[in-house]
Amino acid sequence: MTPPRSLAAPAFAALLAGVLQAFSMAWPVGGQPLWWLQLLSLAVLPALLQRQGSPARAAFIGWVFATAWLTATFWWLFISMHVYGGLASPLAALAVLLLAGFLSLYYALAAALFRRAADGSAWRDGALFAALWLGAELLRGTLFTGFPWGAGGYAHADGPLAPLARWIGVYGIGVVAAWLAWLLSQLFRPGARRSLRYWLALGATAGLLAACKAQAPDAPAAGTGTRLSVALLQGNIPQDEKFEGGSGVPQALAWYGQQLRDARAQLVVTPETAVPLLPAQLPEGYLDALRSLFADGKRAALVGIPLGSMETGYTNSVIGYQQGDTGYQYHKHHLVPFGEFIPRLFKWFTDMMKIPLGDFNRGDVGQPPFVWAGQRLAPNICYEDLFGEELGAHFRDPALAPTIFVNVSNIAWFGDTVAIDQHLQISRMRALEFERPMLRATNTGATVIIDRAGRVTHALPRHTRGVLLGDVEGGSGMTPFAHWVSRFGLDPLWALALVAAITAWRAGRRRPQP
């Protein structure tokens, strides 16, 4: 009887590949996405899984890969918890590892199912790996409010798969990328390399990529035909002072008040919680003075501010000012666990940190846009642009669909880290999926204008104080992705993943396991 091989070597390979998978979304130096690195690093995973003697061993390898990947992706959560939240550094580091390890269980399950069902068939095993990978990504992106930050498809905001975003979205790109990664993994298996089916699969995939490239336009065809001048404000208020009454609050109220008064653009946008106090806590007449600035009908503004009261509850919101004062308000729907709402049974954990306004009320999905200057502007706050299926709810009625997305964020919680670059790639992917420009006004970066083709056309240097001036043309029409995700959400993708899981389970029951 042959003794089982040690797991040390494959686990180490999985760990290294997982770290490179994280770097593919935004390379640590420069922040650019590297689509080829995503494919190469992911290709290591099926190559390792096929060498494991049991589903249990495969699950462990999948878990190591994913834990390394996710830890290296959102390690900067440590900064928010330790530097700004006051949590002891060992506990903050442990919290990041536990979160990554928990989310990695989805990928461990997918790895086990793949090993259980894989039979060496070129087409079947590749399709199975891609669909099970999709299932793990969907589980991470939806269960327990979801945290799909760093999903594999984001590395392809640039590259040959980017044109697929308008058809199948980031998760669909992830499926195609997983299929390509599986094909690459087979290059190291002599039997698979000689298989006619393998070469047919490789040829069909190459044809698909060539067709994508050929069909990719330089810019989306459908636009509103009118341009909107914008001023995006970046206050660069230090996070450790932002909610302090003796320093950050007066600084924010004065600087943003002055910029809202002085900006001449048709639309002025501030970051998330640029006004860092509830209305009752503000100096008397402050909001009335802001409102009066936009009463002449020449300009409008979207201002980030918490609304409500300590007694009745409060929301993370954006208010819109224009002539006639329509009373526009947008309230954040997808709240950040532990930072904006306290999950049940975890109040003891949040009590260990210093988080201002830590338990917000939730807004609705698909709130109406802010209508101004012939454009329908749909705000989203912080990481809400991570959830394309929720932004898709705005497209249920094409006549009311937004022409421009507006993201207001405060990434200062995570310091001067790759989190800024990662969030930028997320916003670019949403622009590609819906062919809508994205305006981003942030406290510390990345404050940018992204056009309908997902390209950054204007940008401010990060961690500086300034005003980004530019103009943007809204988008019209509906991409195929907007059509199906607005009606069915992620259900079609769930169906594909579920079929793969059932296939894997049934195949495993028919075949004896080692």
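Begin by selecting strands β8 and β9 (residues 438-442), which pair in the parallel sense over 5 bridges; two strands count as paired if DSSP finds at least two bridges between them. Helices (H or I, at least four residues) and strands (E, at least two) are DSSP runs, numbered from the N terminus. The model is a predicted one, in which local features need pLDDT of at least 70 and side-chain atom pairs count only at pLDDT 80 or more, while totals for chains, interfaces and linings use all residues. Residues are numbered from 1 along each chain as its sequence is written, and side-chain values use heavy atoms, with hydrogens and water left out.

Within this pairing, select Ser409, which stands opposite Thr442 in β9. Then show strand β7 (residues 375-381), which pairs with β8, also in the parallel sense, over 5 bridges. Here Ala378 has Phe405 in β8 as its bridge partner.

Next, display the side chains of β8 (residues 404-409): 6 of its 6 residues are buried. Buried means under 20% relative accessible area, exposed over 50%, and partly exposed in between (1.4 Å probe, protein chains only). Ile404, Val406 and Val408 point one way from the strand, and Phe405, Asn407 and Ser409 the other way.

Together with β8 and β9, α14 makes a right-handed β-α-β unit. To check the hand, look with the strands pointing away from the viewer: the crossover is right-handed if the path from the first strand over the helix to the second runs clockwise.

Now turn to the salt bridges, each a side-chain nitrogen of Lys or Arg within 4 Å of a carboxyl oxygen of Asp or Glu. By this rule the count is 11. Select Arg227 and Glu473, whose closest N and O atoms are 3.8 Å apart. This pair links distant parts of the chain, with Arg227 in strand β1 (residues 223-234) and Glu473 in strand β12 (residues 466-475), 246 residues apart.

Move to helix α11 (residues 286-292), where Asp288 and Arg291 lie 3 residues apart, about one turn of the helix. Their side chains meet in a salt bridge at 2.7 Å, N to O. Arg291 counts as partly exposed because its relative accessibility is 28%.

Finally, select Asp451 and Arg455, a salt bridge with closest N and O atoms 2.9 Å apart. Asp451 is buried at 16% relative accessibility, whereas Arg455 is partly exposed at 39%. Elsewhere, salt bridges that share partners join Arg227, Arg452, Asp471 and Glu473 into one network.
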